[in-house]
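Look at the sequence and the structure before reading on.

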Amino acid sequence: MTRTTINTAYPQLRLRRTRASAWSRAMHAEHHLSPADFIWPLFVTSGSGVEEPIGSLPGVSRWSVDRAVARAKEAAAEGIPCLALFPNTPEDKRSDDGAHALDPDNLMCQAIRAIKDAVPEIGLLTDVALDPYTAHGQDGLLDETGYVVNDATVDVLVGQALNQAAAGADIVAPSDMMDGRIGAIREALEAEGHANVQIMAYAAKYASVFYGPFRDAVGSGGLLKGNKKSYQMDPANGAEALREVALDIAEGADSVMVKPGLPYLDVVARVKDAFNIPVFAYQVSGEYAMIEAAAAAGAGERNGLVMEMLMSFKRAGCTGVLTYHALHAARLLNG
Ligand code: PBG
């Protein structure tokens with residue numbers, strides 16, 4: 001194919017022309033946000049009629065199952081397609097082996113059943129990792145040296161994913177970063193009759209300081225000693241993220257996630273270019289807190305900050321984004 005190069009330059013070409021009026025800007029926009037781009041993380045706690053605000057996440061609360069159902073209805077009414085559920089497990093249900101993750105009556109399963117029953121039109125994504133259930137706050141099982149062991153952890157994660165699927169989860173999302181867990185979970189889902197349960201792999205999940213408020217929200221922060229650097233990725237690495245993604249796709253992931261979001265948009269763009277599969281980003285708790293703090297400090301207008309951040313995910317190549325701003329942003333978009 002021959003290409004003609006047109007050496008047009010100023011003043012023949014003025015890129016400001018298409019920006020001069022609102023209708024023209026709308027017509028030339030390369031990306032659009034819609035409520036269908038958002039997955040809304042919800043924190044669930046015990047009891048009924050309970051709302052517990054989370055100090056480090058202003059505007060975000062933990063909800064008892066009945067109140068979470070009400071939030072799910074609001075989300076569905078605004079066109080949000082999916083919720084991500086996270087339990088704040090009672091202290092006395094946490095143990096070294098995280099066994100409560102396998103209990104068909106744990107908070108997560110109660111929430112799944114209640115929301116599916118009342119709001120069947122919304123999708124439910126559930127986190128597969130042991131940190132809300134372990135007494136030590138790590139995502140897996142420890143050996144005597146405190147190292148998080150891989151293969152024995154994968155066995156428990158498989159049980160956790162099956163437990164969530166049996167309760168009605170639509171997408172299981174392993175966030176633990178163990179090797180080989182996607183293949184093991186896919187195989188078990190197929191064997192147990194859950195062929196249509198999707199897997200969204202937290203494929204490139206970094207050992208990040210931005211998770212602090214989340215750990216307060218699920219109550220694992222105070223329990224955690226040390227860090228998660230022996231399984232979550234080193235923020236110095238980009239090429240390694242492509243290897244993680246390639247493995248998770250080969251093992252059967254339907255979609256992959258990059259996490260955190262904004263500091264890792266280069267990774268999103270590289271993954272999208274390399275694999276052209278559905279890529280999601282998790283705009284994590286610390287990112288949300290940063291936006292709220294900036295707005296509170298008068299560093300920017302809140303709605304503008306929220307929407308510009310969310311648009312950055314679309315521009316980088318995301319299919320969608322997990323964001324604590326989901327309901328607020330959906331309401332802004334719906335006018
Ligand atoms: C648990 C998990 C974490 C987040 C999602 N799933 C925390 C962690 O890995 O320590 C963080 C989400 C957020 O910060 O909003 N494995």
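## The ligand shell

The shell around the ligand is made up of eight nonpolar, three polar and seven charged residues. Here Ala, Val, Leu, Ile, Met, Phe, Trp, Tyr, Cys and Pro count as nonpolar, Asp, Glu, Lys and Arg as charged, and the others, Gly among them, as polar. The model is predicted: local features need pLDDT of at least 70, side-chain atom pairs count only at pLDDT 80 or more, and totals for chains, interfaces and linings use all residues. Residues are numbered from 1 along each chain as its sequence is written, and side-chain values use heavy atoms, with hydrogens and water left out.

In total, 18 residues surround the ligand, each with a heavy atom within 4 Å of it. The closest are Lys205, Lys228, Lys259, Ser285 and Tyr324.

## Contacts and cover

A nitrogen atom of the ligand lies 3.3 Å from a polar side-chain atom of Asp131. For Asp139, an N or O atom in the side chain is 2.8 Å from a ligand nitrogen atom. Arg215 has a polar side-chain atom 2.7 Å from an oxygen atom of the ligand. Taken alone, the ligand exposes 400 Å², and the protein buries 100% of that (Shrake-Rupley method, 1.4 Å probe).

## Cysteines

The structure holds zero disulfides (pairs of cysteine sulfur atoms within 2.5 Å). The sulfur of Cys318 is 15 Å from the closest cysteine sulfur, in Cys82, so the two are too far apart for a bond. Cys82 counts as buried because its relative accessibility is 7%, where buried means under 20% relative accessible area (1.4 Å probe, protein chains only). Cys318 is also buried, at 6%.

How values were computed: A polar contact is a pair of N or O atoms within 3.5 Å; within protein, one must be able to donate a hydrogen and the other to accept it, and residues adjacent in sequence count only if both atoms are side-chain atoms. Buried means under 20% relative accessible area, exposed over 50%, partly exposed in between (1.4 Å probe, protein chains only).
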